Amino acid sequence: MKQLIRMIKTGSGDLSMNLFQYDIFLVNLDPVIGSEIRKTWPCVVISPNEMNDNIRTVIIAPMTTKSHRYPTRVPLSFSGKKGWIVLDQIRTIDKSRIIKPLGKLSPAVVREIKEVIKEMFVD
């Protein structure tokens with residue numbers, strides 16, 4: 001338990017951990033500025049596996065249970081809770097911020113994420 005607390009405080013997660021696109025990880029998001037989501041939260045890895053395997057950073061989208069319907073937020077149920085993937089807060093983080101794996105998204109949620117990202121950045 002002390003090691004987990006130290007990792008949360010320092011962001012010293014396991015850099016050798018396999019990180020796959022659309023998997024969910026517990027991530028230390030502090031320090032932040034302004035309205036960014038703060039503290040330690042579940043996050044979805046958005047970056048493609050080739051990037052995740054070859055560089056020390058990953059692109060993530062935080063998840064939250066405190067939100068409302070918005071075009072850039074994807075609803076989901078995870079670990080018995082209803083929540084949102086907050087695609088309007090996508091950011092790049094160092095892998096040392098990642099604490100541990102939590103799970104995987106369903107194919108239906110992955111499709112919805114892809115649609116929203118396409119709408120946000122392509123169309």
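Tutor: Let's start with a rule: two strands count as paired if DSSP finds at least two bridges between them. Keep it in mind while we look around this predicted model.

Student: OK, so how many bridges link β1 and β7, and in which sense do they pair?

Tutor: Strand β1 (residues 23-28) and strand β7 (residues 98-104) share 5 bridges and pair in the antiparallel sense.

Student: Which residue in β2 is the bridge partner of L26?

Tutor: In β2, L26 has P42 as its bridge partner. β1 and β2 (residues 40-45) also pair in the antiparallel sense, over 5 bridges.

Student: Which way do the side chains of β1 point?

Tutor: Here's the general idea: in a regular strand, side chains alternate between the two faces of the sheet. In β1, D23, F25 and V27 point one way, while I24, L26 and N28 point the other way.

Student: Why is β1 described as largely enclosed by the rest of the structure?

Tutor: "Buried" means under 20% relative accessible area. For β1, 6 of the 6 residues are buried, so the strand is largely enclosed by the rest of the structure. Across the protein, buried residues make up 39% of the 123 residues.

Student: What about the nonpolar core: which residues touch the most other members?

Tutor: In soluble globular proteins, nonpolar side chains tend to be buried together. The largest nonpolar core here has 16 residues, and V44, I85, L87, L105 and I113 touch the most other members. The elements giving two or more residues to this core are β3 (57-64), β4 (73-78) and α3. The most come from α3, with 4 residues. Apart from this core lies another, of 11 residues, including M17, C43, V58 and I60.

Student: Back to V44: which residues does V44 touch?

Tutor: Leaving out residues up to four places away in sequence, the neighbours of V44 include I24, I59, I85, L105 and I113.

Student: I also spotted a serine, S47. Where is S47 found, and is S47 buried or exposed?

Tutor: S47 sits in the loop between β2 and α2 (49-54). With a relative accessible area of 0%, S47 is buried. To see what a polar side chain is doing, look for its polar contacts. The side chain of S47 makes one with the side chain of N52, at 2.4 Å. The S47 side chain also reaches the backbone nitrogen of I59 at 3.1 Å. Not counting residues up to four places away in sequence, S47 touches Q21, N52, V58 and I59.

Student: Zooming out, how many helices and strands are there?

Tutor: You'll find 3 helices and 7 strands. From the N terminus on, they run α-β-β-α-β-β-β-β-β-α. For a sense of how the chain meets itself, take the contacts with a separation of 6 or more: 58% of them join residues 24 or more positions apart.

Student: Last one: where is the confidence lowest, and where is it highest?

Tutor: Check the pLDDT before you read any detail. The protein averages 86, and 83% of the residues score at least 70. Confidence is lowest in helix α1 (residues 2-10), with a mean of 43, and highest in helix α3 (residues 107-121), at 97. Over residues 1-12 the pLDDT is below 50, and this stretch has 16 contacts in the model beyond near neighbours in sequence.

Key
Residues numbered from 1 in each chain as written. Predicted model: local features only at pLDDT ≥ 70, side-chain atom pairs only at ≥ 80, totals over all residues. Heavy atoms only, no water. pLDDT = per-residue confidence, 0-100. Contact = heavy atoms within 4.5 Å. Buried < 20%, exposed > 50% of the residue type's maximum accessible area, 1.4 Å probe, protein only. Core = buried A, V, L, I, M, F, W, Y, C linked by side-chain atoms within 4.5 Å. Polar contact = N/O pair within 3.5 Å; in protein donor to acceptor, adjacent residues only side chain to side chain.
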